[in-house]
Amino acid sequence: VMVVASATSNDCPADVIMNDADAVISGLRHGEGWYAPCDDSYGGREPVDFHHDFATKKDNLVTAKYISSLHGCWAVSEWHPGANPMCAAYLPKTAPLVVYHKGGQSTFNVDQSKNGGSFNEIGSFLFDGTATVELSNRGSDDCDYKGSCWWIADAVKFSYVGPSCHAPVQCPQNEASTKPQTLATAQHKAAHELETELRSVGDYV
């Protein structure tokens, strides 16, 4: 049984939110653009606040690295636009996301065609000084309009869980981070059900 200790706001570091402007973007073709249905991106820049790959061929690799100095266990969440179906239809269903944490790295596929306009929790990970989240457009040509898929890099959030992922504290800003059904646990469950190889799981110590 996992015991969650209560904590005051003074005991908990504030959330760390990194917008695409804070990320290191690299690749042959990337930039910012405008498409009215995708207006629920994170941030205040108008008319649009995200990076994309211009629907380029996915062998023209584009990456976005979000790097922060963190210690302890933090929940990682990702934000992309697309609550509007006219935006979501052009977004990939398997956008790779890699979390580099203490002890290695964990790879996930984010379905950018779903849950747009909000932070979506990936999982909780232990960091020992440096936290890196890398998004890429590798193999992300699987939107509803194949051949015209616009991979997006928007915002990443780190929310403090506790000194260890097995000893979380109940911080005022991270109540959602203790919910068990994150993308990491959902993929873990699906892998067992399908009897496929589990590539990665969250909650590392």
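Let me begin with Asp144, which is exposed, with a relative accessible area of 51%, where exposed means over 50%, buried under 20% and partly exposed in between, using a 1.4 Å probe and protein chains only. Before I go on, please keep in mind that this is a predicted model, in which local features need pLDDT of at least 70 and side-chain atom pairs count only at pLDDT 80 or more, while totals for chains, interfaces and linings use all residues. Residues are numbered from 1 along each chain as its sequence is written, and side-chain values use heavy atoms, with hydrogens and water left out.

What does the side chain of Asp144 meet in a salt bridge? The partner is Lys93, at 3.0 Å from N to O, and a salt bridge here is a side-chain nitrogen of Lys or Arg within 4 Å of a carboxyl oxygen of Asp or Glu. Asp144 lies in the loop between S10 and strand S11 (152-153), and Lys93 in the loop between helix H1 (85-88) and S7, so the pair ties together parts that are 51 residues apart in sequence. Helices (H or I, at least four residues) and strands (E, at least two) are DSSP runs, numbered from the N terminus. Lys93 itself is partly exposed, at 33%.

The structure holds four salt bridges, and another of them joins Lys65 and Glu134 at 3.8 Å, N to O. This pair links distant parts of the chain, with Lys65 in strand S5 and Glu134 in strand S10, 69 residues apart. Lys65 counts as partly exposed at 34% relative accessibility, whereas Glu134 is buried, at 15%.

Phe54, in the loop between strand S4 (51-52) and S5, has a positive phi near 60 degrees and is partly exposed, at 31%. Asn115, in the loop between S8 and S9, has a positive phi near 55 degrees and counts as exposed, at 54% relative accessibility.
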